Amino acid sequence: MAQGSVDNSDLPDNLGADLLLLSTLVSGDDEAFAATAADFGPEMIRPLARALSNPDPGIRRRAAAALASHGDKRAGIVLARFYHHFDPAVRRFAAERVTRENLSHLVPGLVRNAVSRFAHRKAEAPVSDLRDLIDMMQNGVYGDRRIAVRSLVSRHGFPALPVLAEALEESAKRPTMEYRPYLTEYEVLLAFMEFADPKAADALLLQLQDDRPAFRAVSLYLLAALHEKRAFDPALRLLEDGSFEVRRGAVAVLGRLEDTRAVSPLIGMLKDPDVRVVRATITMLAAFPSPEVVAALVPFLGAIGYTDYAVRTLQKVVFSDMDPVLAAAGSGDARMRAGAVEVLQSCDDPRCTGVLTSALADPDPKVVNAALPAFERAATPGSTDALVSLGERRIPGIDPRKLISALVATRDPRIAPVLAQHIHWMDLAESNMAKRAFESDRIEIRSIGDFAHALPALERNDDAVVQWMIRACKKLGPETQPLVRNAVKDKKLARGAARVLLGLGYKMKDAGDREILEALYGRSKKKEDIEKFRVLESLLPAGPAAPRIMDDAEVKSLVETFLDRENPASRDAGPELARIGLPAFVPLAEALESPKTDILDKQRICSVAAMFSDPAAVETLVGYLRDPHWGFRAAAAYALGGIRDAQALDALLPLLADRSVNVRLAAIAALGALDDERSVEALIPILTDKSMVIITKACQALGDLGYPAAIGPVIAVLSHPDASVRSAAAGALQQLCRQSREPLIREVENPDPRVRAGVITGLQICTDRRSRDTCIRALHDPEAAVREAAAGAFAKVWDPAAIEHLALLWDDPDVQVRAGVAAALANSRDPRGALALARLSRDRDETIARLARKACMQNLGTTETPDDAKRLIVVLSDPVFHIDEVVQRFVWTGSVIVPDLVAALHDPDHNLARGASMVLTAMGSTLGDPVVAEIAALLADPDEAVRELAVATLGAIGEPARAVLTGALESDDPLVWQGALEALGRVGEEKKTV
């Protein structure tokens, strides 16, 4: 590995000293060795370095101790190379000396502050030199290594074959929890698919005879990328190679060539013992649509670990013979039915529609979940009734997000009560999806009959449902009011129905309607509601309410009380002044303009004016708009906005050019409250004003109005130099995009990163597929602000398609991006995100680390298949997860996961091996012999560390391991019977303690 600019070539290398050193290392006690090591000269540095690779851990430890204390500085340089040694003792000594002598710049692959040491070089120009790319692949951070492998393939090809083979071999290693993780095999293979140098074909064909499997495999993958026809016969022969990588490479070649002669051999490879080869074969068979291929793949629809691959391939080839898939949809195996239903989603055959509709009534939730996406785009004949019935029954195991999407696609009014029940649900994403269906009017009501079907939705007394019902009433006219009025008598619907009536302008006090007052507060058990009910009831007249007339002195006194914030009555004085209306206007306007009134009180006065609700005062207030005092003009504008009378619009427009900023702000606020296209036309030019406060207020007003015509001008504000103005524009776009998302999606390629970040913020609340895809692409934007906004989108509205993209950002250099990623993955409850969350749990930002640890535990709790559990074993390499709660989440998978846990005992990461031992201990205590036998086989392992861990695990299992250990005492292998004897001793000690 590269060692910077340091050259150790002058170190003496006396091979004869190796034997002397070895005898010194294995004899005597530690004190004697320490005394001898103090006299070591420079000639012993290289022999000591070679001793660090000795299989005996004692020799390695003494050699590392000698190098750590050696007086020659070159010993520290050599020891820095072993900073990442597999032995923890060696790593400890290396870390001590590197820290003591500040040699961290010599440690291979050590990256500080998540910044690649190639960052400056990449900023100047892309790294292209072969030597630099190799150095970058070996020593760079994860992102650098990924770029390096891709560049080695595309720029250098065959000359880079040795280092590409190394990358393929490394990708098969188990991922670690270190900052620089290994590349996965899929990332490496995707890079190979970019190879495009036909001149190298001859050399690659010769390379297929190499005795090293990795070289043969890489040659096959590169030949597959070239579609080299001459590789067909060699690939057929290599289907029987001993290396799974070579066999998978041969499968890739045969699939890429699309020669029909390969169909039978590929179908034969479906019986390969390696799961990765079988998955690759299933994928490559997509190039050969035929009844033979369909029949061969259908059995994999019900096989754990293969279903997803079989579904994707069958969706491409099923048109050649649909009968086997239709038959599988009626299978007795629920997994096969679910896979078949997922395949049939892509078919246009009328038979598929019937099968998919029937699947909605399947007793197994997996089959129903597989069928639901087919109805997310549009409902089909007969599916609406089935979906409504499914939503009303609330069957456990049904994916509520898929169900909500399918229900919304029906646009049927009967779904309103079902969707309303999902609002304020425990899952925030589901709640938002249901709420947005009402906010965006996705449920169509065309008649009074439809309205009657939707009326039970008011049981969920939510603002979105109430406002949607108010809009429906206005659309259908006054015929709806008797139905809503009658719903007030229903205990479940009373409060929501009362709110709808009030929203339609029903004057409770004027009508003397005690029933509505009872519906709003009378049935509540909350103390504040009971008090409010008593106060309102005392004010409720028997007949039409007559406004109370107050004299000027009383009004002035009430204004003084309102402005005295220390007075407890100040809070109630504001609403009372707004109710009084016009008589309170003059003292409020005078107080607004008075220099003695502080900024907070001025804001409160404006709020009171904005609550005016007396339409009879419009004419008088319009006259005040021309008053020479700015306080009167501003107060009148706010009051007219509160009354919301369109007659005042023409009088408000001239105030947009007023010399007072306060008056202009009041006029903008008033126009934002008047739902009229002329308000939008008047406010759009204000977006170019010099004042940041004016632009901010105009953005907020346009967002409240919600007219699509404002989208383009608000997008232009996103390039404003002030961050607060850009934030206001982005917030306005969130409200505007509910009407039209297309203008925002067009701007995601804007060269200005501020614009890109703003439009992604606007799309954060959208649930449609195009908006989600746009946000997914934004996760890879070079600008941190754009990535942060995209991560925030999935933190608000989760989409499973984003999981793989978010997982790549766990080491993003921007802390806000990482925080957004952690929040999104936490909301996902998806086990696939647990690996990224485990890495984030080591984040240097404690807030992110704490959230990631909690979310990782949460996501592990939703693990659904043994395959998920196998992939998530890696989290055990973090001691944070060495707790009984995590252990039990792996134990439930049963003996299927035992081989992977046993393999983890061999891992050089001590924490991972220890975590696997904890899980195996818990499994052995419950499953007994199947687990114990697997661990007992490790007693013959040549690695002493593995044997010690096996003994400790068997001893911790206790009595369930006694029978197997007793049998192991008869083994001829001394390692086995000695280990069994020690483990039995620990079992006895365990029994005594119990």
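In this predicted model, Arg-664 has its place in helix H42, which spans residues 661-673. Arg-664 counts as buried because its relative accessibility is 13%, and buried means under 20%. The side chain of Arg-664 is joined to that of Asp-689 by a polar contact of 2.2 Å. When neighbours within four places in sequence are left aside, Arg-664 is in contact with Leu-655, Leu-656, Asp-658, Asp-689 and Ile-694.

**The chain as a whole**

The secondary structure of the chain consists of 62 helices and zero strands. The chain has 994 residues, and 52% of them count as buried. Its accessible surface comes to about 45,900 Å², and carbon and sulfur atoms account for 53% of that area. Among contacts with a separation of 6 or more, 66% are between residues 24 or more positions apart.

**Nonpolar cores**

The largest nonpolar core contains 155 residues, and Leu-652 and Leu-806 have the most contacts inside it. Helix H40 (residues 630-643) supplies the largest share of this core, with 10 residues. Apart from this core lies another, of 140 residues, which includes Val-127, Phe-215, Val-251 and Ile-470.

Which residues surround Leu-806, apart from its neighbours within four places in sequence? Leu-806 is in contact with Leu-779, Ala-791, Phe-794, Trp-798, Val-821, Ala-824 and Leu-825. Asp-811 is placed in the loop between helix H51 (803-807) and helix H52 (815-828). Asp-811 is buried because its relative accessible area is 15%.

**A covered helix**

Helix H48, residues 753-762, is mostly covered, with seven of its 10 residues buried. These buried residues are Val-755, Arg-756, Ala-757, Gly-758, Val-759, Ile-760 and Gly-762. Which helices are included in what covers them? Among them are helix H45 (711-717), helix H46 (723-736), helix H47 (742-746), helix H49 (769-778) and helix H50 (784-796). The N-terminal end of H48 is capped by Asp-752, which has a side-chain oxygen 2.9 Å from the backbone nitrogen of Arg-754.

**Two further buried residues**

Ser-570 has its place in helix H36 (residues 570-580). Is Ser-570 buried or exposed? Ser-570 counts as buried because its relative accessibility is 3%. A polar contact of 2.9 Å joins its side chain to that of Arg-604. Not counting residues up to four places away in sequence, Ser-570 touches Thr-561, Phe-562, Asp-564, Arg-565 and Arg-604.

Val-107 lies in the loop between helix H6 (88-101) and helix H7 (119-124). Val-107 counts as buried because its relative accessibility is 6%. The residues that Val-107 touches, not counting those up to four places away in sequence, are Ala-80, Tyr-83, His-84 and Val-98. Val-107 and Asn-139 are 32 residues apart along the chain, and their C-alpha atoms are separated by 9.5 Å.

Most residues other than glycine have a negative phi. Glu-258 has a positive phi, near 55 degrees, and is a residue other than glycine. Arg-411 likewise has a positive phi, of about 60 degrees, although it is not a glycine. Glu-258 lies in the loop between helix H15 (244-257) and helix H16 (263-268), while Arg-411 is found in the loop between helix H25 (400-410) and helix H26 (416-422). The table lists the relative accessible area of each.

| Residue | Relative accessible area and class |
|---|---|
| Glu-258 | Glu-258: 52%, exposed |
| Arg-411 | Arg-411: 28%, partly exposed |

**A nonpolar patch on the surface**

Nonpolar residues also occur on the surface: Leu-969, Trp-977 and Leu-981 form a nonpolar patch there, with about 270 Å² of accessible area together. Of these residues, Leu-981 has its place in helix H62 (residues 974-993).

Conventions:
Residues numbered from 1 in each chain as written. Predicted model: local features only at pLDDT ≥ 70, side-chain atom pairs only at ≥ 80, totals over all residues. Heavy atoms only, no water. Patch = residues over 30% accessible without salt bridge, like charges linked within 9 Å, V, L, I, M, F, W, Y side chains within 5 Å. Areas by Shrake-Rupley, 256 points an atom, 1.4 Å probe, with all protein chains shown as cover. Salt bridge = Lys/Arg side-chain N within 4 Å of Asp/Glu carboxyl O. Helix = DSSP H or I, 4+ residues; strand = E, 2+ residues; numbered from the N terminus. Buried < 20%, exposed > 50% of the residue type's maximum accessible area, 1.4 Å probe, protein only. Polar contact = N/O pair within 3.5 Å; in protein donor to acceptor, adjacent residues only side chain to side chain. Contact = heavy atoms within 4.5 Å. Core = buried A, V, L, I, M, F, W, Y, C linked by side-chain atoms within 4.5 Å.
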